[in-house]
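This briefing is meant to be read with the sequence and the three-dimensional view open side by side.

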Amino acid sequence: MKLFPSLQKRYTKERFTAVQAQRLAQEIAFGPIVFQVSRLMLKFGIFRLLSDNREGMSLEQISQATGLSRYAAQVLLEASLTIGTLLVKEDRYLLAKAGWFLLNDEMTRVNMDFNQDVNYKGLFHLEEALVNSRPEGLKELGDWPTIYEGLSGLPEQVQKSWFGFDHFYSDNSFDQALEIVFSHSPHTLLDVGGNTGRWAAKCVQYNKEVEVTIMDLPQQLEMMKQKTENTPGHERIHGHGANLLDKNMPFPKGFDAIWMSQFLDCFSEEEVISILSRAARSMSVDGRLYIMETFWDRQKFETAAYCLTQISIYFTAMANGNSKMYHSDDMARCIREAGLEIEEIYDNLGLGHSIVKCKLR
């Protein structure tokens with residue numbers, strides 16, 4: 001297995017002493033409790049209190065300030081102390097570094113909201129999902145074959161956390177991505193799986209002449225129109241309704257560039273090859289296809305690889321039952337089988353994205 005050097009070093013040797021490994025095993029066993037305790041330390045404002053009071057606070061002070069009973073505050077504080085998000089000095093609790101990150105790191109908060117609102121109940125059905133190759137946990141949210149058909153109908157808080165998660169990761173890469181894509185001056189761009197139109201809106205503002213067509217499910221296009229109707233240049237954003245899982249659904253022709261951002265991770269390898277093959281059949285010799293993904297093996301920081309491989313489980317249990325955050329070698333194989341070849345790969349964009357630039361083989 002090929003890995004970036006930072007990951008190769010970490011994943012090929014035992015990292016823990018026996019005592020550390022035993023501790024990690026217990027953290028895994030109590031993982032659901034650790035998550036909920038930490039979430040409530042945020043929700044009840046205890047981490048914020050301790051951040052604002054660097055000298056620390058007593059149990060009684062925390063109970064009074066939060067309105068929690070002495071018992072409720074005590075069980076949360078004692079659990080957090082042993083989790084490692086708090087420290088204790090005499091009779092005062094203080095915020096530890098891990099607690100600071102839970103409070104202040106936006107990526108951590110986005111991930112926590114996503115796991116609480118979208119994944120938590122559904123992950124109980126992970127075993128069924130793995131055995132049946134279906135998103136068995138999705139029934140906790142609604143009756144759809146995949147989460148994508150249900151995005152516009154998700155409960156408000158679930159929808160907020162899902163889109164917050166999706167947009168947080170993609171938005172941080174868009175500025176660099178625009179420079180890469182528009183260095184070839186495309187006049188027409190097909191945004192496949194364009195969702196709410198955030199990339200399309202960026203494109204028409206970045207380039208005053210480009211025409212962007214979003215190819216997505218009809219219900220997603222309706223949401224896109226609502227989200228972009230007040231965007232400068234919205235008249236140059238168009239929709240092309242399509243079910244991309246339909247192997248007989250052709251791609252429209254005549255585009256200088258085809259863009260797929262955080263899209264192919266929503267499909268199995270067989271589906272990825274089908275989608276890319278149809279894209280290839282629509283391309284001219286001069287056309288280019290850009291795939292932006294967070295490949296877990298190409299991460300500069302190990303924490304990113306950890307997050308991405310865990311996010312794969314969301315796809316298994318909740319999204320569609322058969323996709324994942326891909327290793328770049330797997331995606332490269334799918335690209336070749338679709339009749340395309342990789343012209344260039346741009347790494348370390350935003351929060352760990354890569355762009356794979358493809359042309360006809």
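The points below are grouped by topic.

The structure is a predicted model. According to UniProt, in an unreviewed entry, residues 22-93 are listed as "domain: BVU-1015-like N-terminal dimerisation-like", and residues 187-325 are listed, likewise in an unreviewed entry, as "domain: O-methyltransferase C-terminal".

**Annotated regions**

- Over residues 22-93, the chain is 69% helix and 8% strand, with the C-alpha atoms at the two ends lying 26 Å apart.
- Over residues 187-325, the chain is 37% helix and 19% strand, and here the end C-alpha atoms are separated by 31 Å.

**Helix 8 against helix 11**

- The axes of helix 8 and helix 11 (residues 156-182) come within 9 Å and cross at roughly 145°, and the crossing in which helix 8 passes helix 11 is left-handed.
- On the side of helix 8, the contact is made by Glu106, Met107, Val110, Asn111, Asp113, Phe114, Asp117 and Val118, while helix 11 contributes Gln157, Val158, Ser161, Trp162, Gly164, Phe165, Phe168 and Tyr169.

**Aromatic pairs**

- The structure holds 12 aromatic pairs, and in one of them the rings of Phe114 and Tyr314 have centres 5.0 Å apart and planes at 65°, which is over the 60 degrees required, so the pair is edge-to-face.
- Because Phe114 belongs to helix 8 (residues 106-119) and Tyr314 to helix 15 (residues 302-319), this pair ties together parts that are 200 residues apart in sequence.
- Phe114 has a relative accessibility of 2% and therefore counts as buried, and Tyr314, with a relative accessible area of 5%, is buried as well.
- Trp162 and Phe163 form an aromatic pair that is edge-to-face, with 5.0 Å from centre to centre and 80° between the planes, and both Trp162 and Phe163 are buried.
- Phe114 and Tyr314 also take part in one aromatic cluster, which they form together with Phe165, Phe168, Tyr169 and Phe315.

- In helix 16 (residues 328-337), the residues Ser328, Met331, Ala332, Cys334 and Ile335 are buried. Viewed down the axis of helix 16, its buried residues fall within an arc of 160°, so they line one face of the helix.
- The cover over the buried residues of helix 16 includes helix 14 (269-282), strand 7 (288-293), strand 8 (340-349) and strand 9 (353-360).
- Helix 16 is followed by Gly339, which has a positive phi, near 90°.
- In helix 12 (residues 198-206), Trp199, Ala200, Ala201, Cys203 and Val204 are buried, and what covers the buried residues of helix 12 includes helix 11, strand 3 (188-192), strand 4 (211-216), strand 5 (237-241) and strand 6 (257-261).

- Arg298 is placed in the loop between strand 7 and helix 15, and its relative accessible area of 17% is under the 20% limit, so Arg298 is classed as buried.
- With neighbours within four places in sequence left aside, Arg298 is in contact with Phe4, Ser328, Ile345, Asp347, Asn348 and Ser354; Ser328 is also among the buried residues of helix 16.
- Leu103 lies in helix 7 (residues 97-104) and, at 9% relative accessibility, counts as buried.
- The C-alpha atom of Leu103 is 9.9 Å from that of Arg39, although these two residues are 64 residues apart along the chain.
- Again leaving aside neighbours within four places in sequence, Leu103 is in contact with Leu42, Phe47, Arg48, Ser51, Leu95 and Arg109.

- Most residues other than glycine have a negative phi.
- Glu90 has a positive phi, near 55°, and lies in the loop between strand 1 (86-89) and strand 2 (92-95); with a relative accessible area of 72%, Glu90 is exposed.
- Gln262 also has a positive phi, near 45°, and its place is in the loop between strand 6 and helix 14; with a relative accessible area of 14%, Gln262 is buried.

Conventions. Residues numbered from 1 in each chain as written. Predicted model: local features only at pLDDT ≥ 70, side-chain atom pairs only at ≥ 80, totals over all residues. Heavy atoms only, no water. Buried < 20%, exposed > 50% of the residue type's maximum accessible area, 1.4 Å probe, protein only. Helix = DSSP H or I, 4+ residues; strand = E, 2+ residues; numbered from the N terminus. Arc of directions from axis to C-beta. Contact = heavy atoms within 4.5 Å. Phe/Tyr/Trp six-rings, centres within 6.5 Å; stacked < 30°, edge-to-face > 60°. UniProt positions renumbered as here; feature names shortened; annotations may be inferred. Axes fitted to C-alpha atoms, helices over the stretch in contact; angles between N-to-C directions. Left-handed = near helix turned anticlockwise from the far one by under 90°.
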